[in-house]
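Reader: Could we go through the charged side chains together? I have the sequence and the model open.

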Amino acid sequence: MSRPPERATARPRVPRFTRAEHWVHRATATLMAVCVLTAGCLYLPFLAELVGRRALMVTVHEWSGILLPVPLLLGLGSRALRADLTRLNRFGRHDRQWLRAALRRRGGRPAGKFNAGQKLYAAWIAGAVLVMMGTGLLMWFTHLAPLVWRTGATFVHDWLALTVIVVIAGHVWMAYRDPESRRGLRTGSVDAHWARHEHPLWKQEEDPTR
Amino acid sequence: MARTLAPAPMGCSNRRVTKDANPARAADGGGEDGRGTPIGRRVVLGMLAGGAAGVAAAPFLQRAYDNTLGAAAQKDPTGLSGLLPAGGGFRYYSVTGSVPHKDERSYRLTVDGLVRHRASYRLADLRALPQTRLVRDVQCVTGWRVPKTPFQGVRLSALLDAAGVRPQAKAVRFTCFDGAYSESLTLEQARRDDVLVALRMQDKPLGHDHGGPVRLYVAPMYFYKSAKWLSKITVTDHVEPGYWEQLGYDVDAWVGRSNGRDDVPTT
């Protein structure tokens, strides 16, 4: 199937993501989707009644969960991805301004390659995945820790799962509303005007193809 | 391709950046964009600390939740709170893809193995036998507990007596018409007064989702022993581990004294 012809010839485009970043995102998103869907089949009565196969769902859920950080760890071999991780980690003065404006639902939200909301999302979901893995392992290998830990792990795993699903829904909603940002992850480049408007402080690297 | 070679001039933004960043340094770590406070790392570490604190504080938090929102959820007419963690009530677990429906006509419960008289009961036959009603808590090995749930049915010991257990018998094996699930009890456990072949739950006929029309009810044990969709009772000379027991669950599943758990006993 061919995609509709890109208008890149008409309007200038700028490189945003490399192939490595594209695949890290796609693999992580797929694993996360499998995790969430199998969680639904284990947890929601109507899905459990529809799907059944509890032992299979448990196995798929455990393995998709434990593999979740692997694409990112492999991606650390890419310099472009490491540079983007640094960008996500560091918050400048403009990020505070962005957050203040966003909280008050005002305009004037200066952003670098990633805006402060994207940075917070990245850090939060990374931490959440680690907590889900830790609590999940306590429930998986029940002999690892005393019972109170397992009960506590179940409690945290359940409630954090609910939060993660809400936050991911927000992430998907943001992407749904902004086709150009999705095109950036899919094709690697974005419209230059879009970049200037959404990420005015983003400065291109010397060699973005690496 | 030309478009990848031409970085767009983004100079319009530089004025704002240079106000609070050192323009001299543009390292490979994301350029000027990659400087500032490492809030991201702090958020990750904060999540880890919060997760650990949550695990530690869970017993306290769970109790607080049960006493407030959890109690309210028991009376929630919409049923939406059932989707919340520990929202109360039963959860549906099945080990197979789909389970056939059995009714008055198609349901049969057979008793065979080391018995003198093999038997096959229809629903009406089971209803005609003396009924016992028990009201106990239900405790699942995954943690949920449903308080004071009435079960009613025929004592398993009555069916065993009617079949005439042979002297070499040691255990009872249960198989289910979902085609996969199985369970076992020792003969001594099976003869207990609080082990039923249940026909009713919560004073209603057992629905399909709760294992109807007939399920096993082993009151003193974790709920996985109470096999749903019961179709066959086989008297054997040794305990054969059931479905979940082959996957690591305890065979002697006393509530509070097995599976590494310390729940309050249900009997």
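Reader: Which residue does B:R145 form a salt bridge with?
Author: In this predicted model, B:R145 pairs with B:D137, and the closest N and O atoms are 3.0 Å apart; a salt bridge here is a side-chain nitrogen of Lys or Arg within 4 Å of a carboxyl oxygen of Asp or Glu.

Reader: And is B:D137 buried or exposed?
Author: B:D137 counts as buried at 19% relative accessibility, while B:R145, at 28%, counts as partly exposed. Buried means under 20% relative accessible area, exposed over 50%, and partly exposed in between, with a 1.4 Å probe and protein chains only.

Reader: What about B:R191, where is its salt bridge partner?
Author: B:R191 meets B:D161 in a salt bridge of 2.8 Å, N to O. B:R191 sits in the loop between α6 (187-190) and β7 of chain B, whereas B:D161 belongs to helix α5 (residues 156-163) of chain B, so the pair links distant parts of the chain, 30 residues apart. Helices (H or I, at least four residues) and strands (E, at least two) are DSSP runs, numbered from the N terminus. B:D161 is exposed, with a relative accessible area of 51%, and B:R191 is partly exposed at 33%.

Reader: Which parts does the pair of B:R133 and B:D203 tie together?
Author: The closest N and O atoms of that salt bridge are 2.9 Å apart. Because B:R133 lies in strand β3 (residues 132-139) and B:D203 in the loop between β7 (195-201) and β8 (204-205), both of chain B, the pair ties together parts that are 70 residues apart in sequence.

Reader: How many salt bridges are there over all chains?
Author: A search of the whole structure finds 18. There is also a network of salt bridges that links A:D84, A:R87, A:K113 and B:D33.

Reader: Changing topic, where is A:R106?
Author: A:R106 is in the loop between α6 and α7 (116-140) of chain A, and is partly exposed with a relative accessible area of 44%.

Reader: Before I stop, how are residues numbered, and what pLDDT do local features need?
Author: Residues are numbered from 1 along each chain as its sequence is written, and chains are lettered from A and ligands numbered from 1 in the order in which they are written. For this predicted model, local features need pLDDT of at least 70 and side-chain atom pairs count only at pLDDT 80 or more, while totals for chains, interfaces and linings use all residues; side-chain values use heavy atoms, with hydrogens and water left out.
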